[in-house]
Amino acid sequence: MKATETKLKGCFIIEPTVFEDDRGYFFESYNENKLKEILGYTPNFVQDNQSKSAYGVVRGLHMQAGEHAQAKLVRVVEGAVIDVAVDVRPGSETYGQSVAVELSASNKKQLFIPRGFLHGFSVISDTAIFFYKCDNGYNKESEDGLNPLDTNLGIDWQIPESQIILSQKDKEAQSFKEYKSKKS
């Protein structure tokens with residue numbers, strides 16, 4: 001397993017060791033001891049989530065705030081996505097910065113996103129099945145998020161704007177400027 005820390009401290013791209021032969025392939029998608037070596041601690045994952053989406057869907061940018069904040073380990077089981085994490089940790093040197101990584105069934109990469117980050121993804125294949133582990137349960141009252149198309153974030157979702165499909169909730173989500181003003 002190879003881990004590369006992104007420019008956002010604590011956010012890692014994880015590439016498993018894949019064993020392939022004429023029968024197919026095998027890899028460890030999760031190994032607690034190896035993740036502890038990478039992170040310096042062991043996240044206590046308590047919930048797994050999975051979604052299926054069509055080309056052009058952008059989900060996010062979402063997070064759980066406060067005591068219900070979640071770290072996530074995300075991967076794609078089928079298809080391909082552009083996965084995005086945005087650092088909104090108060091006092092962070094990279095506050096407001098983002099990282100985007102292509103995750104796909106073929107590259108088998110994963111992204112570990114620590115607590116205090118917004119998260120979202122866009123589907124760049126016909127469909128994608130997205131899977132993620134969370135270290136805290138969902139709490140509706142702790143939801144927070146930003147409009148993923150806010151130009152101040154500068155995120156390239158790699159989907160033509162005319163083909164982007166957003167939920168009504170994400171269309172109406174606050175801008176980064178509004179988010180920052182509430183937090184100051």
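User: Why is Lys108 called buried?

Analyst: Buried means under 20% relative accessible area, exposed means over 50%, and partly exposed is in between (1.4 Å probe, protein chains only). Lys108 has 11% relative accessibility, so the residue counts as buried. The model is predicted, so local features need pLDDT of at least 70 and side-chain atom pairs count only at pLDDT 80 or more, while totals for chains, interfaces and linings use all residues. Residues are numbered from 1 along each chain as its sequence is written, and side-chain values use heavy atoms, without hydrogens and water.

User: What makes the phi of Lys108 worth a remark?

Analyst: Most residues other than glycine have a negative phi. Lys108 is not a glycine, yet its phi is positive, about 60 degrees. The residue sits in the loop between E9 and E10; strands (E, at least two residues) and helices (H or I, at least four) are DSSP runs numbered from the N terminus. Gln158 also has a positive phi of about 60 degrees without being a glycine, and lies in the loop between E13 and H2. At 45% relative accessibility, Gln158 is partly exposed.

User: What kind of peptide bond joins Gly60 and Leu61?

Analyst: Most peptide bonds are trans. The bond between Gly60 and Leu61 is cis, with omega about 5 degrees. Leu61 belongs to strand E6.

User: Why do Asp135 and Arg115 count as a salt bridge?

Analyst: The term requires a side-chain nitrogen of Lys or Arg within 4 Å of a carboxyl oxygen of Asp or Glu. For Asp135 and Arg115 the N to O distance is 3.2 Å, and their side chains meet in a salt bridge. Asp135 is in the loop between strands E12 (127-134) and E13 (143-145), and Arg115 in the loop between E10 (110-113) and E11 (117-123), so the pair ties together parts 20 residues apart in sequence. Asp135 is buried at 12%, whereas Arg115 is partly exposed at 38%.

User: How many salt bridges does a search of the whole structure find?

Analyst: The search finds 7 salt bridges. One of them joins Lys2 and Glu15, whose closest N and O atoms are 4.0 Å apart. Lys2 is in strand E1 (residues 2-5) and Glu15 in strand E2 (residues 12-15), 13 residues apart. Another joins Glu143 and Lys169 at 2.7 Å, N to O. Glu143 lies in strand E13 and Lys169 in helix H2 (residues 168-171), so this pair ties together parts 26 residues apart in sequence.

User: What makes E9 and E13 edge strands?

Analyst: Two strands pair if DSSP finds at least two bridges between them. The open sheet has 5 strands in the order E9-E8-E11-E6-E13, with antiparallel pairing. E9 (98-104) and E13 each have a single partner strand, so one side of each is left without a neighbour in the sheet. Strands E8 (residues 80-87) and E9 are joined by 7 bridges, and Ala85 has Val99 as its bridge partner in E9.

User: Which residues is His68 in contact with, neighbours within four places in sequence aside?

Analyst: Contact means heavy atoms within 4.5 Å. On that basis His68 is in contact with Asn136, Gly137, Asn139 and Ser142. His68 and Gly137 are 69 residues apart in sequence, with 7.1 Å from C-alpha to C-alpha. His68 is in the loop between strands E6 (58-64) and E7 (72-78), and is partly exposed at 21%.
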